[in-house]
Amino acid sequence: MQPAFSVIFLTTLIGMGQGLFLAIYTEQVYSVLEVVQKSSTDTFYGIASAVSLLLLILGLIASIFHLGHPERAWRSAAMWRTSWLSREVIVLPTVMGLVFLYGLVHFMGWNLTVMTIGAVVIDLSFIIGALATLAVFSLFIATGMIYACLKFLQEWHSPLTVINYILLGSASGFTMATLLAAYKQPELISFFAGWSIVLLLFAFIFRAASLIRNKRLRPKSTVQTAIGIRHNQIKQKSMGFMGGSVNTRDFFHGKTRFFMRSIKTIFIIMVFIIPLIMLIITLFKPSVTVMGIAMISMYIGLIAERWYFFAEGNHPQNIYYQTIA
Amino acid sequence: MSQLALVIDLNVCVGCHACVTNCKEWNTSGSAGALSDDHPYGKDPSGTFFNRVQTYEVGVFPKTETVHFPKSCLHCEDPPCVPVCPTGASYKRAEDGIVLVDYDKCIGCRYCSWACPYGAREIDEHQKVMKKCTLCVDRIYDETLAEEERKPACVLACPTSARLFGDVHDPDSEVSVAIREQGGYQLMPEWGTKPSNHYLPRRKNHVSYHKDELERADNPLKKEDYQVDSSEPSLDDVTSW
């Protein structure tokens with residue numbers, strides 16, 4: 001496929017925004033259950049929620065550039081029964097609304113106690129956070145399924161697509177939380193950095209699994225099934241036109257094998273290796289600069305990763321567009 | 001329930017592109033507005049077409065065959081492009097099975113074109129909506145036209161009658177009979193889209209003779225052990241029957 005930068009920015013930005021929310025809520029759950037010592041302040045939760053919301057909004061803005069008629073975008077909530085894209089369109093504003101509420105409740109200090117179970121105090125933000133977590137996971141699934149549900153795009157048609165959206169989004173969000181902690185709440189660095197390392201390792205395992213899977217795929221469609229003629233030697237002599245069309249522009253990245261391999265190497269280094277080293281350094285010697293480098297490297301790497309993900313999708317319609325007579 | 005569709009005979013198609021030009025002409029003149037057509041005579045022409053004729057070479061020289069292959073939307077019975085549409089702009093008509101796009105609802109997200117394995121959908125770069133073959137829905141029901149003209153433009157244009165149009169759910173229709181009797185098949189059956197358009201394969205007429213049919217086994221001359229000697233004049237040469 002021809003990767004669209006609007007979609008690359010949409011998926012990477014909202015993924016990070018969702019991950020950042022999950023990071024702060026995980027920390028809240030841990031401190032409420034007293035697994036870790038409560039050290040975060042409402043201000044930190046408020047700031048982190050604001051950053052998460054900002055990332056979600058930036059993603060939404062990026063997605064508008066993908067549409068031919070953004071003024072009709074409201075219509076896209078209609079087909080939620082069948083379309084994962086429609087479901088994403090509904091869940092994304094829901095996540096944004098809940099993250100906004102979550103941040104607002106913390107920032108304004110409206111922590112009304114809803115109930116107490118033993119020594120555990122469940123307050124309003126805890127409940128909103130639980131709902132937001134549900135929405136965040138729904139959004140991850142919807143975003144991943146948009147691609148995973150297309151069965152003839154064999155590279156995407158796998159549970160690994162959804163898993164990778166969840167893991168890469170979470171890893172980048174937790175890394176962002178580590179950066180925010182380094183900047184504002186140093187006591188939380190080890191908590192977020194530790195989780196970031198764990199998520200990053202899982203993300204690496206599953207992303208590698210998907211790379212290996214895709215390398216071994218054999219296309220189900222061939223020129224024989226495409227035109228229905230049984231012969232081992234079939235060559236297209238003309239695609240029917242000499243100029244370009246949507247079919248020749250939208251479905252192939254047009255880059256060399258070497259370029260593809262380079263992008264793969266770049267994203268493995270920038271998403272996984274550099275941030276991993278920086279996170280380990282941060283565990284021992286916290287520094288905003290080190291985490292800043294980790295975050296920048298990871299985000300640029302994620303753009304490359306998403307570009308590669310889209311470009312790797314081999315659309316069967318390309319079989320019909322091989323030769324200009 | 002009927003399912004209108006095209007049946008394209010690859011045995012007959014000569015690759016003249018008349019269906020392509022007539023399709024473009026009819027559909028660029030419709031009420032939905034012109035189809036894009038940028039620099040048609042320039043260096044880098046680009047535009048929206050609903051139908052294309054492609055050419056394939058089957059076999060290795062000298063045993064090759066040239067196959068001209070027209071391709072447009074196949075109006076699948078289970079169209080993968082319809083359920084993915086977030087707005088419902090892409091739909092399949094219940095009454096005749098034509099897959100259409102409501103240009104007023106389409107947001108131009110291109111998701112349906114990703115979901116079509118055949119590359120049958122093309123976004124109009126000027127109107128920014130997805131377009132595709134409508135099976136000339138604005139022609140086939142037009143009662144102001146003579147009845148024989150209520151067919152898709154491509155079908156009317158074809159000089160060799162390689163394109164048949166009709167209801168593939170009616171077992172007695174011209175198209176159903178052609179599919180059944182002449183080996184009609186679907187494209188990319190592996191994805192379960194059940195295309196309504198069918199293709200008729202290349203067919204060759206072979207007559208097979210048994211040796212017996214060329215040389216009579218019960219020839220009475222053989223019974224008499226009469227040896228035909230071709231060097232001598234035969235009865236045919238000396239008598240006039």
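**Chain B and its place beside chain A**

Let me begin with contacts inside chain B: among those between residues at least 6 apart in sequence, 56% join residues at least 24 apart. Please keep in mind that this is a predicted model.

What does the overall build of chain B look like? Chain B contains eight helices and eleven strands. Its radius of gyration is 26 Å, whereas the globule rule gives 18 Å for 241 residues; the value is well over the rule, so chain B is more spread out than a compact globule. The C-alpha trace of chain B spans about 90 × 45 × 40 Å along its principal axes. As for burial, 42% of the 241 residues of chain B count as buried.

I turn now to the interface. Here 46 residues of chain B are in contact with 47 residues of chain A. On the side of chain B that touches chain A, at least two residues each are supplied by strand 4 (51–60), strand 5 (63–72), helix 2 (111–114) and strand 8 (122–123) of chain B. Which of these elements gives the largest share? That is strand 4 of chain B, with nine residues. Sorted by class, this side of chain B has 28 nonpolar, nine polar and nine charged residues.

By way of background, strands of a sheet pair through backbone hydrogen bonds, in either a parallel or an antiparallel sense. How many bridges join the two chains within this sheet? Strand 3 (residues 234–238) of chain A and strand 4 of chain B run antiparallel and are joined by four bridges. One pairing to look at is that of Q236(A), whose bridge partner in strand 4 of chain B is Y56(B).

Within chain B, strand 4 and strand 5 pair in the antiparallel sense over ten bridges. A hairpin joins these two strands through two residues. P62(B) is found in the loop between strand 4 and strand 5 of chain B, and the peptide bond from F61(B) to P62(B) is cis, with omega near 5°.

That brings me to backbone geometry. Most peptide bonds are trans, and most residues other than glycine have a negative phi. Which phi values deserve a look in chain B? K128(B) has a positive phi, near 60°. This lysine lies in the loop between strand 8 and strand 9 (130–131) of chain B. K128(B) counts as partly exposed because it has 15 C-beta neighbours inside 10 Å. K194(B) also has a positive phi, near 50°, and its place is in the loop between helix 5 and strand 11 (198–200) of chain B. With 13 C-beta neighbours inside 10 Å, K194(B) counts as partly exposed too.

Is P171(B) buried or exposed? P171(B) has 10 other C-beta atoms within 10 Å, and it is therefore exposed. This proline sits in the loop between strand 10 (163–167) and helix 5 (174–181) of chain B. P171(B) and E181(B) are ten residues apart in sequence, and their C-alpha atoms are 11 Å apart in space.

Finally, the nonpolar core. The largest one has 160 residues, and those with the most contacts inside it are L20(A), V95(A), V99(A), A132(A), A177(A) and F192(A). Helix 5 (residues 159–184) of chain A gives the most to this core, with 14 residues. Leaving aside its neighbours within four places in sequence, F192(A) is in contact with A23(A), F174(A), A177(A), T178(A) and A181(A).

Technical notes: Residues numbered from 1 in each chain as written. Chains lettered and ligands numbered in written order. Predicted model: local features only at pLDDT ≥ 70, side-chain atom pairs only at ≥ 80, totals over all residues. Buried ≥ 20, exposed ≤ 12 C-beta atoms within 10 Å, placed from the backbone. Contact = placed C-beta atoms within 7 Å. Nonpolar A, V, L, I, M, F, W, Y, C, P; charged D, E, K, R; others polar. Pairing = 2+ DSSP bridges. Rg over C-alpha atoms; globule rule 2.2 N^0.38 Å. Core = buried A, V, L, I, M, F, W, Y, C linked by C-beta atoms within 7 Å.
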